[in-house]
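Below are my notes on the model, point by point. Please read them with the structure open.

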Amino acid sequence: MSSANPDLIRVVYISRANFTVASAETGVEPTVARILQASRINNPKLAIGGLLYYGDGCFFQCLEGERSVVVELLKKIKRDPRHKDMKVVYQVSTQVRQYSNWSMKYIPASDRVQSLLAHNGHKRFDPYQFDKEMVKKLLQAFRLINHERDHADEPGSLEAEGASPADQRKALVKWLAAPVVLGLLAGLVWYGYA
Ligand SMILES: Cc1cc2nc3c(=O)[nH]c(=O)nc-3n(C[C@H](O)[C@H](O)[C@H](O)COP(=O)(O)O)c2cc1C
């Protein structure tokens, strides 16, 4: 009954970027943005979900999907000249997807990640130094960070953070509606006094 019990796996690998980032640069690094773009086109067709973190010159990517499909994608990613030293640091068989709606979520480097690292005795994001527990803690933190972001209303940084176009539209409508409502209220007050 393989269709009722799909052979799913969740894999985390780490790697080092083969490019350098201009220090003054803000937002998503252009090479990372291109990787995300390809992932968001390809992964839904493969029913693969996951997340990608990039910080201090290292990648940390979680891929989840049907075992053979994930294995094939990992082989393809390994051949990519934009990174090196690829190493699988976590792998688990599962029947329950945790990333079903995430073709590839981007988790930007943030103070939250820095404090988690510091709290666990790491000065920087060097995933080659992390043990299995740290990898699990990071996965949990990334999921939480993303969950909170999905529920935030600010549209300004949503694109960089990987919000869906529908989420961006909803947030934008809220932001546009606020001044209109305030204007109407002000008009009513003014009309009451006139
Ligand atoms: C760190 C890293 C992560 C990547 N993750 C993915 C991914 O999740 N899905 C994907 O299709 N390509 C990913 N890529 C890009 C692939 O290596 C490859 O360039 C891309 O799949 C080619 O897409 P195409 O066959 O549509 O041209 C990643 C590359 C790097 C360096």
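1. The strands concerned are E2 (residues 49-55) and E5, which pair in the parallel sense through three bridges. The model is a predicted one, and the remarks that follow should be read accordingly.

2. The sheet as a whole is open and has five strands, in the order E4-E1-E3-E2-E5, with mixed pairing. E5 (105-107) and E4 are the edge strands; each has a single partner strand, so one side of each lacks a neighbour in the sheet. From one strand to the next the twist averages 15°.

3. At the E4 end of that order, E1 (residues 8-17) and E4 run antiparallel and are joined by nine bridges. Within this pair, Arg16 stands opposite Lys84 of E4.

4. Is E4 well covered or hardly covered? Strand E4 spans residues 83-94 and is hardly covered, with one buried residue among its twelve.

5. Which residues come nearest to the ligand? Of the 15 residues around the ligand, they are Ala38, Ser39, Asn42, Phe59 and Asp80. Two or more residues of the shell are given by each of helix H1 (30-45), strand E3 (58-66) and helix H2 (67-78). H1 supplies the largest share, five residues. By residue class, the shell around the ligand holds six nonpolar, six polar and three charged residues.

6. Helices H3 (residues 111-119) and H4 (residues 132-150) pack with their axes 11 Å apart and at an angle of about 155°. Angles over 145 degrees count as roughly antiparallel, and H3 and H4 are therefore roughly antiparallel to each other. The crossing in which H3 passes H4 is right-handed.

7. Ala47 is not a glycine, yet has a positive phi of about 55°. Ala47 is placed in the loop between H1 and E2. With 16 other C-beta atoms within 10 Å, Ala47 is partly exposed.

8. The second case is Asp56, also a residue other than glycine, where phi is positive and near 50°. Asp56 lies in the loop between E2 and E3. Asp56 counts as partly exposed, having 14 C-beta neighbours inside 10 Å.

Conventions: Residues are numbered from 1 along each chain as its sequence is written. This is a predicted model: local features need pLDDT of at least 70, side-chain atom pairs count only at pLDDT 80 or more; totals for chains, interfaces and linings use all residues. A residue is near a molecule or strand if its C-beta atom, placed from the backbone, lies within 6 Å of it. Helices (H or I, at least four residues) and strands (E, at least two) are DSSP runs, numbered from the N terminus. Ala, Val, Leu, Ile, Met, Phe, Trp, Tyr, Cys and Pro count as nonpolar, Asp, Glu, Lys and Arg as charged, and the others, Gly among them, as polar. A residue is buried if 20 or more other C-beta atoms lie within 10 Å of its own, exposed if 12 or fewer, and partly exposed in between; C-beta atoms are placed from the backbone. Two strands pair if DSSP finds at least two bridges between them. Axes are lines fitted to C-alpha atoms, for helices over the stretch in contact, and angles run from 0 to 180 degrees between N-to-C directions. Angles under 35 degrees count as roughly parallel, over 145 as roughly antiparallel, 65 to 115 as roughly perpendicular and the rest as oblique. A crossing is left-handed if the near helix is turned anticlockwise from the far one by less than a right angle, and right-handed if clockwise.
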